[in-house]
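Please go through the model shown here.

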Amino acid sequence: LTAAHCVENGGTVSLQRGGKNWVGTCTHAPDYAANDTADWALCDLTGEVAGVPYERVNQDAALLAGKGTLQLSGFG
């Protein structure tokens, strides 16, 4: 998960850590083109990056709370 303004929609990213490499394809938030506050992209990597703590993003619509507000923030 990263900021949409940092990657092209459909673009690729690459990561290196401890002599290992990962590549991923990034997809912008569905509303980003029309709403710059939806400034996030999800990048699907070729494999798990072990040993790095990260947050999990829920992908089960049945677990979503309705009418809530989620604020994503970052730096850089």
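At 16% relative accessibility, Cys43 counts as buried (buried is under 20% relative accessible area, exposed over 50%, partly exposed in between, with a 1.4 Å probe and protein chains only). This is a predicted model, in which local features need pLDDT of at least 70 and side-chain atom pairs count only at pLDDT 80 or more, while totals for chains, interfaces and linings use all residues. Residues are numbered from 1 along each chain as its sequence is written, and side-chain values use heavy atoms, with hydrogens and water left out.

Cys43 has a partner. Its sulfur is 2.1 Å from that of Cys26, and the two form a disulfide (a pair of cysteine sulfur atoms within 2.5 Å). The structure holds one disulfide. The S-S torsion of Cys26 and Cys43 is about 105°, so the disulfide is right-handed. Cys26 lies in strand 2 (residues 20-28) and Cys43 in strand 3 (residues 41-45), so the pair ties together parts 17 residues apart in sequence. Strands (E, at least two residues) and helices (H or I, at least four) are DSSP runs numbered from the N terminus.

Cys6 is in no disulfide; the nearest cysteine sulfur, that of Cys43, is 9.6 Å away. The table sets out the cysteines.

| Residue | Relative accessible area | Class |
|---|---|---|
| Cys6 | 52% | exposed |
| Cys26 | 0% | buried |
| Cys43 | 16% | buried |

## Overall architecture

The chain has three strands and zero helices. Its pattern along the sequence is β-β-β. Buried residues make up 14% of the 76 residues. The C-alpha atoms fill a box of roughly 45 × 25 × 20 Å along the principal axes. Among contacts with a separation of 6 or more, 38% join residues 24 or more positions apart. The accessible surface comes to about 6,600 Å², and 51% of it belongs to carbon and sulfur atoms. Areas come from the Shrake-Rupley method with a 1.4 Å probe; for residues, only the protein chains shown count as cover.

## Selected residues

Which segment holds Leu1? Leu1 is found before strand 1 (12-17). Leu1 is exposed, at 57% relative accessibility.

Gly24 sits in strand 2. Gly24 is buried, at 2% relative accessibility. Leaving aside neighbours within four places in sequence, Gly24 contacts Gly11, Thr12, Val13, Asp44 and Leu45. Gly68 is 44 residues from Gly24 in sequence and 30 Å away in space, C-alpha to C-alpha.

Glu48 lies in the segment after strand 3. Is Glu48 buried or exposed? Glu48 counts as exposed, at 62% relative accessibility. Beyond four places in sequence, Glu48 contacts Trp22 and Tyr54. The C-alpha atoms of Glu48 and Trp22 are 8.5 Å apart, across 26 residues of chain.

Conventions:
Contact = heavy atoms within 4.5 Å.
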